[in-house]
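Visitor: I am new to this structure and would like to understand the words used for it. Could you show it to me and then take my questions in turn?

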Amino acid sequence: MSLLNDLINLDLSETPEKTIVEYIWIGGSGMDLRSKARTLPGPVTDPSQLPKWNYDGSSTGQAPGEDSEVILYPQAIFPDPFRRGNHILVMCDTYTPAGEPIPTNKRYNAAKTFSHPDVVDEEPWYGIEQEYTLLQKDVKWPLGWPVGGFPGPQGPYYCAIGADKAFGREIVDAHYKACLYAGINISGINGEVMPGQWEYQVGPSVGISAGDQVWVSRYILERIAEIAGVVVSFDPKPIPGDWNGAGAHTNYSTKSMREEGGFEVIKAAIDKLGLKHKEHIAAYGEGNERRLTGRHETANIDTFLWGVANRGASIRVGRDTEKAGKGYFEDRRPASNMDPYAVTSMIAETTILWKP
């Protein structure tokens with residue numbers, strides 16, 4: 001076992017002419033991350049230096065067996081915290097051999113939205129609060145919970161310390177550091193209200209990079225949990241009953257919102273979001289109706305309301321923003337399993353490009 005550990009940690013820094021590139025993509029469910037590696041000449045500093053690659057889409061639910069080839073287009077690169085050195089992770093999106101984006105490729109349309117001149121001028125910033133639940137591998141029950149049973153009620157676990165209240169911190173902290181190593185703008189972590197549930201925040205990130213960074217942060221989290229023998233769940237309501245669900249609250253601002261008089265721009269943007277509430281809910285994650293019940297710090301899925309410092313609202317505006325008359329707001333509707341490409345681009349499209 002010590003030899004295996006030595007080989008896993010083998011230092012390849014003396015072979016800079018070779019780079020291991022881990023190609024990452026999103027599978028057919030829209031949440032399953034896949035990856036495979038290849039050796040290329042190095043070092044690599046830009047995605048344009050990387051060749052396209054392909055995979056068997058019939059094995060990921062993305063292509064028929066008789067025409068199974070799906071093409072990977074490298075889009076964003078990150079230092080690899082697992083192999084280190086010159087080795088990299090690359091977030092890809094997915095296309096047919098004819099160059100058409102496949103249906104699960106949400107990045108393609110998001111990139112079009114974020115390249116629109118009006119959106120570029122507004123420089124949209126995002127801060128995404130990614131919640132998740134750690135599960136015991138063999139029983140799919142939250143980490144730290146008695147198998148087949150329940151811990152004490154919620155209250156002592158939020159931002160808590162102690163072996164009887166905080167479960168899985170070694171995974172959480174390893175993920176935090178690995179994301180920083182990878183150049184992801186992870187801005188914090190905390191334990192959540194339900195035991196075994198955690199949150200990390202990515203941002204501020206601009207435009208399409210918000211989606212790239214959230215997807216790669218999820219990849220890194222699942223890889224670390226794999227090593228630890230723990231399962232990561234992004235289900236928005238992993239445990240029924242009087243337990244908090246898991247969301248991906250999306251904090252958002254534009255240049256106009258951050259400037260003097262921005263609070264009026266914020267209110268106008270919120271009004272637009274209210275008019276398109278149903279369309280946004282449809283794109284904000286599977287199973288979200290189990291989470292958005294009007295309880296456990298949520299607004300009911302069929303209701304749109306906003307307020308200052310109101311965690312039971314669809315959109316929350318912070319008191320600092322109200323006081324300053326400019327700043328940002330938080331869309332509390334997205335589920336933990338949302339596609340960040342779809343959510344971030346839809347918010348920009350509705351608030352910047354749509355003219356009701």
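**Charges, rings and strands**

Guide: Lysine 36 lies over the face of tryptophan 53, at 4.1 Å from the ring centre. This is a predicted model, in which local features need pLDDT of at least 70 and side-chain atom pairs count only at pLDDT 80 or more, while totals for chains, interfaces and linings use all residues. Residues are numbered from 1 along each chain as its sequence is written, and side-chain values use heavy atoms, with hydrogens and water left out.

Visitor: What makes lysine 276 count as lying over the face of tryptophan 354?

Guide: A charge sits over a ring if NZ of Lys or CZ of Arg is within 6 Å of the ring centre and within 35 degrees of the ring normal. For lysine 276 the distance from the ring centre of tryptophan 354 is 4.6 Å, and lysine 276 lies over the face of that ring.

Visitor: Why is the pair of tryptophan 141 and phenylalanine 150 called edge-to-face?

Guide: Rings of Phe, Tyr and Trp (its six-membered ring) pair if their centres lie within 6.5 Å, and planes under 30 degrees apart count as stacked, over 60 as edge-to-face and the rest as tilted. The centres of tryptophan 141 and phenylalanine 150 are 5.5 Å apart and their planes stand at 75 degrees, so the pair is edge-to-face. Tryptophan 141 also forms an edge-to-face pair with tryptophan 145, at 5.5 Å centre to centre and 90 degrees between the planes. The whole structure holds 13 aromatic pairs.

Visitor: How do you know whether tryptophan 145 is buried or exposed?

Guide: Buried means under 20% relative accessible area, exposed over 50%, and partly exposed in between (1.4 Å probe, protein chains only). Tryptophan 145 has 3% relative accessibility, and therefore counts as buried. Tryptophan 141, at 19%, is buried as well, whereas phenylalanine 150, at 49%, is partly exposed.

Visitor: What makes E2 and E3 edge strands of the open sheet?

Guide: The sheet has five strands in the order E2-E1-E5-E4-E3, with mixed pairing, and strand E2 (33-41) and strand E3 (53-56) each pair on one side only. Strands (E, at least two residues) are DSSP runs numbered from the N terminus, and two strands pair if DSSP finds at least two bridges between them. Nine bridges join strand E1 (residues 18-26) to E2, and these two run antiparallel.

Definitions and conventions:
Helix = DSSP H or I, 4+ residues; strand = E, 2+ residues; numbered from the N terminus.
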